[in-house]
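Q: I would like a close look at one part of this model, with the geometric criteria stated as you go. Please keep to the rings and the residues around them, and then move on to the core.

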Amino acid sequence: QVQLVESGGGLVQAGGSLGLSCVASGSTHPIATMGWYRQAPGNQREVVARITSGGSTDYADSVKGRFTISRDNAKNVVYLQMNSLKPEDTGVYYCNAAVLWSQKEYIYWGQGTQVTVSS
(Lines give C-alpha, C1' and ligand atoms only; values in the text may rest on other atoms or scores of the structure.)
Protein backbone atom coordinates (compact mmCIF):
# COMPACT_ATOMS: atom_id res chain seq x y z
CA GLN A 1 0.00 0.00 0.00
CA VAL A 2 1.13 3.50 -0.83
CA GLN A 3 0.33 6.32 1.54
CA LEU A 4 0.15 9.89 0.30
CA VAL A 5 0.22 12.79 2.72
CA GLU A 6 -0.42 16.31 1.48
CA SER A 7 0.46 19.54 3.20
CA GLY A 8 0.49 23.24 2.47
CA GLY A 9 -3.11 24.19 1.89
CA GLY A 10 -4.73 27.20 3.45
CA LEU A 11 -6.45 30.52 2.90
CA VAL A 12 -4.99 33.14 0.58
CA GLN A 13 -6.22 36.26 -1.12
CA ALA A 14 -6.69 36.40 -4.86
CA GLY A 15 -3.39 37.08 -6.57
CA GLY A 16 -1.44 35.35 -3.83
CA SER A 17 0.60 32.17 -3.83
CA LEU A 18 0.55 28.83 -2.07
CA GLY A 19 2.74 25.77 -2.27
CA LEU A 20 1.55 22.22 -1.78
CA SER A 21 3.64 19.14 -1.18
CA CYS A 22 2.84 15.45 -1.07
CA VAL A 23 5.01 12.69 0.30
CA ALA A 24 4.51 9.13 -0.89
CA SER A 25 5.58 6.25 1.30
CA GLY A 26 5.23 2.50 1.35
CA SER A 27 5.72 1.81 -2.33
CA THR A 28 7.88 -1.18 -3.18
CA HIS A 29 7.68 -0.40 -6.90
CA PRO A 30 8.56 2.75 -8.82
CA ILE A 31 5.94 5.44 -8.89
CA ALA A 32 5.27 6.31 -12.50
CA THR A 33 3.11 9.41 -12.53
CA MET A 34 2.26 11.75 -9.69
CA GLY A 35 -0.25 14.50 -9.90
CA TRP A 36 -2.59 16.97 -8.31
CA TYR A 37 -6.34 17.00 -8.70
CA ARG A 38 -8.91 19.29 -7.16
CA GLN A 39 -12.56 19.20 -6.36
CA ALA A 40 -14.73 22.23 -5.74
CA PRO A 41 -18.10 21.92 -3.98
CA GLY A 42 -20.67 20.52 -6.37
CA ASN A 43 -18.08 19.73 -9.02
CA GLN A 44 -16.33 16.60 -10.12
CA ARG A 45 -12.71 16.01 -9.30
CA GLU A 46 -10.52 17.38 -12.06
CA VAL A 47 -6.88 17.10 -12.95
CA VAL A 48 -4.73 20.13 -12.19
CA ALA A 49 -1.25 18.93 -13.13
CA ARG A 50 0.68 15.70 -13.57
CA ILE A 51 4.33 14.78 -13.80
CA THR A 52 6.01 11.57 -14.90
CA SER A 53 9.07 10.04 -13.31
CA GLY A 54 11.01 11.42 -16.27
CA GLY A 55 9.84 14.94 -15.58
CA SER A 56 7.26 15.38 -18.34
CA THR A 57 4.41 17.57 -17.22
CA ASP A 58 0.93 18.48 -18.29
CA TYR A 59 -1.46 21.04 -16.89
CA ALA A 60 -5.10 21.91 -17.02
CA ASP A 61 -5.64 24.87 -19.32
CA SER A 62 -7.04 26.88 -16.45
CA VAL A 63 -3.75 26.79 -14.52
CA LYS A 64 -1.16 26.97 -17.29
CA GLY A 65 1.32 29.74 -16.67
CA ARG A 66 0.29 30.07 -13.03
CA PHE A 67 0.96 26.65 -11.47
CA THR A 68 4.14 24.62 -11.55
CA ILE A 69 4.43 20.95 -10.66
CA SER A 70 7.75 19.41 -9.73
CA ARG A 71 8.97 16.20 -8.26
CA ASP A 72 11.82 14.73 -6.25
CA ASN A 73 12.02 11.08 -7.30
CA ALA A 74 14.59 10.20 -4.67
CA LYS A 75 12.27 11.35 -1.90
CA ASN A 76 8.98 10.44 -3.60
CA VAL A 77 7.71 13.97 -3.14
CA VAL A 78 5.61 16.00 -5.56
CA TYR A 79 5.12 19.73 -5.26
CA LEU A 80 2.65 22.20 -6.66
CA GLN A 81 3.54 25.88 -6.66
CA MET A 82 0.44 27.97 -7.22
CA ASN A 83 0.83 31.63 -8.17
CA SER A 84 -1.66 34.31 -9.17
CA LEU A 85 -4.39 32.38 -7.44
CA LYS A 86 -8.02 33.05 -8.33
CA PRO A 87 -11.20 32.38 -6.36
CA GLU A 88 -12.06 29.65 -8.85
CA ASP A 89 -8.95 27.77 -7.73
CA THR A 90 -10.72 27.09 -4.44
CA GLY A 91 -11.25 23.45 -3.64
CA VAL A 92 -9.83 20.37 -2.00
CA TYR A 93 -6.56 19.42 -3.63
CA TYR A 94 -5.70 15.74 -3.80
CA CYS A 95 -2.36 14.14 -4.47
CA ASN A 96 -2.37 11.15 -6.81
CA ALA A 97 0.21 8.47 -7.57
CA ALA A 98 0.24 5.73 -10.18
CA VAL A 99 2.35 2.65 -9.54
CA LEU A 100 3.04 0.21 -12.35
CA TRP A 101 3.49 -3.38 -11.33
CA SER A 102 2.97 -6.65 -13.15
CA GLN A 103 1.50 -4.83 -16.17
CA LYS A 104 -1.16 -3.21 -14.05
CA GLU A 105 -1.58 0.33 -12.85
CA TYR A 106 -2.45 0.97 -9.23
CA ILE A 107 -3.81 4.38 -8.31
CA TYR A 108 -3.49 5.93 -4.89
CA TRP A 109 -4.94 9.11 -3.41
CA GLY A 110 -4.09 11.36 -0.54
CA GLN A 111 -6.66 12.61 1.94
CA GLY A 112 -6.80 16.07 0.41
CA THR A 113 -5.89 19.54 1.56
CA GLN A 114 -8.18 22.56 1.41
CA VAL A 115 -7.21 25.59 -0.65
CA THR A 116 -9.40 28.65 -0.31
CA VAL A 117 -8.84 31.77 -2.37
CA SER A 118 -10.76 34.84 -1.25
CA SER A 119 -11.71 37.63 -3.61
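Over the ring of which residue does the charged end of Arg45 sit, and at what distance from its centre?

A: The charged end of Arg45 sits over the ring of Trp109, 4.6 Å from its centre, where a charge counts as over a ring if NZ of Lys or CZ of Arg is within 6 Å of the ring centre and within 35 degrees of the ring normal. Arg45 also lies over the face of Tyr94, at 3.7 Å from the ring centre. The model is predicted, so local features need pLDDT of at least 70 and side-chain atom pairs count only at pLDDT 80 or more, while totals for chains, interfaces and linings use all residues. Residues are numbered from 1 along each chain as its sequence is written, and side-chain values use heavy atoms, with hydrogens and water left out.

Trp109 also takes part in an aromatic pair. Rings of Phe, Tyr and Trp (its six-membered ring) pair if their centres lie within 6.5 Å, with planes under 30 degrees apart counted as stacked, over 60 as edge-to-face and the rest as tilted. By this rule the count comes to 2 aromatic pairs. In one of them, the centres of Tyr37 and Trp109 are 4.9 Å apart and the planes stand at 75°, so this pair is edge-to-face. Because Tyr37 lies in strand 4 (residues 31–39) and Trp109 in strand 10 (residues 104–109), the pair ties together parts that are 72 residues apart in sequence; strands here are DSSP runs (E, at least two residues), numbered from the N terminus. Tyr37 is buried, with a relative accessible area of 15%, whereas Trp109 is partly exposed at 37%, given that buried means under 20% relative accessible area, exposed over 50% and partly exposed in between (1.4 Å probe, protein chains only). Trp101 and Tyr106 form an aromatic pair that is tilted, with 6.1 Å from centre to centre and 45° between the planes. Trp101 is partly exposed, with a relative accessible area of 43%, and Tyr106 likewise counts as partly exposed, at 28%.

Turning to the core, a nonpolar core is a set of buried Ala, Val, Leu, Ile, Met, Phe, Trp, Tyr and Cys residues joined through side-chain atoms within 4.5 Å. The largest one holds 28 residues, of which Leu4, Met34, Trp36, Leu80, Met82 and Tyr93 touch the most other members. Among the elements that give two or more residues to this core are strand 3 (18–25), strand 4 and strand 9 (91–101). Leaving aside neighbours within four places in sequence, Met34 is in contact (heavy atoms within 4.5 Å) with residues including Leu4, Ile51, Ile69, Val78 and Cys95.

A search of the whole structure finds 1 disulfide, which joins Cys22 to Cys95 with an S to S distance of 2.1 Å. The torsion about the S-S bond of Cys22 and Cys95 is about -85°, so the disulfide is left-handed. Since Cys22 lies in strand 3 and Cys95 in strand 9, the pair ties together parts that are 73 residues apart in sequence. Cys22 counts as buried, at 0% relative accessibility, and Cys95 is buried with a relative accessible area of 0%.

Notes:
Helices (H or I, at least four residues) and strands (E, at least two) are DSSP runs, numbered from the N terminus. A disulfide is a pair of cysteine sulfur atoms within 2.5 Å.
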